[in-house]
Amino acid sequence: MTSAQPTIEPVPTADLDEVLDLIAAEQAHPDRGTTMLGETRDGIAAELDDLEPDWRGSVRAVREEGRLVAAVLGDWDAELGRAWIHGPWVAGGDAELWARWSRPLVDAVLAQLPDGVDDWELAADASHVLMASLGADLGLSPSEANHVYTVEAAAVAGWPDPSGEVRPAGVADRDAVRPLHDQEFPATYAPVETLLPDPPDGKYVVVVATDGGRLLGYAAGRVQADGEGYLDFIAVSDDARGRGTGRDLMAAVCRPVIDASTTGKLHLTVQDHRVPARRLYESLGFVPSLAIVGYRHRRSV
């Protein structure tokens, strides 16, 4: 009798811990994981529990000879029409397993996307050559590298206080922030309405720098599900550059975020070409760790 061929299947509740073990093992290696999740098992579980829809329904996995060898999952925002594919992961970063299962696993997530969600992406460290190959196979062009920087609470505590007018932002600031936000972060995962919801939900810490009521810049950060701080957005208007506004915004937003974190760490990402910004972060004690490359499919226009 011939044994059944392996197939991609939803994961029973009893097997979810095994999937988490596989994901955590691969996430420990930048050249085998995805930059959309953390590195520790508990942190990864917390991040997954924060996804919508529930990751337990979207996860798909493969067993060969009874052993879990590959997995993938996704989340999406039907209102934005965007989806994010987490993974694929294959046991031990095995190239043969990757060649056999990576594309079918991506297809298994794409098959779940609701109508209208046709803008999706993969992301990995620049060292993940198998993901780069998969992106090319799918016809996706790699993005510019986005560098991940990390700072410790001790370094943030030593920053000078803001010297200009910086205050917490509210719903009334939406119209002033929106043009700068949309210009610097087009088609982002978090529009102004998410950063400054009505009524406020406390998810993001948002601050604005002003001069006599005129907006100079803004910054937004939060504590992620894994307990680590993250600076999601910072932007300064062209005519306010070179005035220390960026440093003021950094101090005003990063301190409350890192104080609320459980790890005493804060991360941010910055595009490769933004050399002045990278110099600013490094001068403040941020240390580079990863270089994220996205592989994105955009809807036809």
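This is a selection-by-selection tour of the structure above.

The model is predicted: local features need pLDDT of at least 70, side-chain atom pairs count only at pLDDT 80 or more, and totals for chains, interfaces and linings use all residues. Residues are numbered from 1 along each chain as its sequence is written, and side-chain values use heavy atoms, with hydrogens and water left out.

**Whole chain.** Select everything. The protein has ten helices and twelve strands; these are DSSP runs numbered from the N terminus, helices being H or I of at least four residues and strands E of at least two. With a radius of gyration of 21 Å, close to the 19 Å of the globule rule for 301 residues, the protein is as compact as a globular protein of that length. That radius is taken over C-alpha atoms, and the rule is 2.2 Å times the number of residues to the power 0.38. The C-alpha trace spans about 80 × 40 × 35 Å along its principal axes. Of the 301 residues, 48% count as buried (under 20% relative accessible area, 1.4 Å probe, protein chains only).

**The sheet.** Select the strands next. All twelve form an open sheet of mixed pairing, in the order β1-β2-β3-β4-β5-β12-β6-β11-β10-β9-β8-β7; two strands pair if DSSP finds at least two bridges between them. From one strand to the next the twist averages 30° (axes are lines fitted to C-alpha atoms, for helices over the stretch in contact, and angles run from 0 to 180 degrees between N-to-C directions).

**β9 and β10.** Select residues 214-223 and 229-236. These antiparallel strands, β9 and β10, are joined by seven bridges. Y218 stands opposite A235 in β10.

**Helices on the sheet.** Contact here means heavy atoms within 4.5 Å. Then select α5 (residues 129-137), which lies across β4 (82-90), β5 (119-125) and β12 (287-297) and runs at about 155° to β5.

**α1 and α2.** Finish with residues 16-27 and 41-49. At what angle do helix α1 and helix α2 pack? The angle is about 115°, and their axes are 9 Å apart. To see the residues that meet, show D17, L20, D21, I23, A24 and Q27 in α1 and R41, I44, A45 and L48 in α2.

Key: Buried < 20%, exposed > 50% of the residue type's maximum accessible area, 1.4 Å probe, protein only.
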